[in-house]
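Student: I have a model open and want to learn how to read it. Can we go feature by feature?

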Amino acid sequence: MDIYVVAFLRSMVARLERIPPEIWQEILSYACSDGGATGRALSRTSRYFHDQSIDCTFHSLEFRSTTTLIRFLVSLHAYPRECKLRHLLLGQSHHTDNVPRAFQSLAGMSTHRPGMVADQPAFCADIAQSLFYLAADYMRTLYMVHTPGIPFRPFAQTFPKLRELSVWNHPLIAPPGRLYPPAPSGGPPPQPLCPSLRRLHVILTDTDITFRHILARLPAFASSSLTHLRLSGVTYTETALPAKLAEMLGLPAPLPLRERLRLSSAAVCLPSD
């Protein structure tokens, strides 16, 4: 009886191996959507599934500290592979451990404390940029969590497939005059950094960045594919924001808030027939 069972299982494995790898990639991608537990279990069942699941590793990752991100980058440096990261939640923190040799060029080493980081904010920002350099071509979703005292750098890489972005106290890109050289007269405008972006959520709690700055940089950052724009943290000081949004959308400028309140109160006081 056992012989028949073994023969049956071998025949089933042979049939599975005849399925095109592209189909297995789709199946394993869905299997990894639960946080990776199902994908890891499948990769341990056989060498064949392990080989098929390699391209699906690191699809969805979460980094709450710079130290954890450094460990991940060190593992990629030790075992080089293409980082096909699609969904990322990225936070930053001060890195208090020794800096690995592969990243010491980014750290600006302190002379009185060899191996330690001299400029924490700059080092953390450079480490995040290193991850974007490796994975920007594949990202679909990106959420960046702000840490006080450790600002993010403006985006410099192109994210051709990014569709959803949430950022907190992030400048998006450098000011328009610094991002691109002047375009030749009559030439096409430069390609946006995120041509496929559909949903953008910007949260501002830092007074150094205003929504006026964000909207001014938006044309160089996203294309007409953008369908949802959410701005959190708008205050009463952003009086010109509604008019700017209307101008960008090609709509008539809205009435000032005081005028709208006056018209609303006048409508309430009108006598009924």
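Student: Is Phe 159 buried or exposed?

Tutor: Buried means under 20% relative accessible area, exposed over 50%, and partly exposed in between, with a 1.4 Å probe and protein chains only. Phe 159 has a relative accessible area of 0%, so Phe 159 is buried.

Student: What ground rules apply here?

Tutor: This is a predicted model, where local features need pLDDT of at least 70, side-chain atom pairs count only at pLDDT 80 or more, and totals for chains, interfaces and linings use all residues. Residues are numbered from 1 along each chain as its sequence is written, and side-chain values use heavy atoms, leaving out hydrogens and water.

Student: What does the chain average in pLDDT?

Tutor: pLDDT is the predictor's confidence in each residue, from 0 to 100. The chain averages 76, and 75% of the residues score at least 70.

Student: Where does pLDDT stay under 50?

Tutor: Where pLDDT is low, the predicted coordinates should not be read in detail. Here that concerns residues 107-114, where pLDDT stays under 50. The model has 13 contacts beyond four places in sequence for this stretch; contact means heavy atoms within 4.5 Å.

Student: How many helices and strands are there?

Tutor: Helices (H or I, at least four residues) and strands (E, at least two) are DSSP runs, numbered from the N terminus. The chain has 10 helices and 6 strands.

Student: How many residues of α6 are buried?

Tutor: An α-helix has 3.6 residues a turn, so residues three or four places apart point the same way. In α6, 12 of the 16 residues are buried, so the helix is largely enclosed by the rest of the structure. Among them are Phe 123, Ile 127, Leu 131 and Phe 132. For the chain of 273 residues, the buried share is 36%.

Student: How do I read an aromatic pair?

Tutor: A pair of aromatic rings is described by the distance of the centres and the angle of the planes. Rings of Phe, Tyr and Trp (its six-membered ring) pair if their centres lie within 6.5 Å; planes under 30 degrees apart count as stacked, over 60 as edge-to-face and the rest as tilted. The whole structure has 5 aromatic pairs. Take Phe 132 and Phe 155: centres 5.8 Å apart and planes at 55°, so the pair is tilted. Phe 132 sits in helix α6 and Phe 155 in the loop between β3 and β4, 23 residues apart.

Student: What about Phe 132 and Phe 159?

Tutor: Their centres are 5.7 Å apart and their planes at 75°, so this pair is edge-to-face. Phe 159 lies in the loop between β3 and β4, so the pair ties α6 to a part 27 residues away in sequence. Phe 132, Phe 155, Phe 159 and Phe 221 form one aromatic cluster.

Student: What is the phi of Leu 172?

Tutor: Most residues other than glycine have a negative phi. Leu 172 has a positive phi of about 70°. Leu 172 lies in the loop between β4 and α7 and is buried, at 0% relative accessible area.
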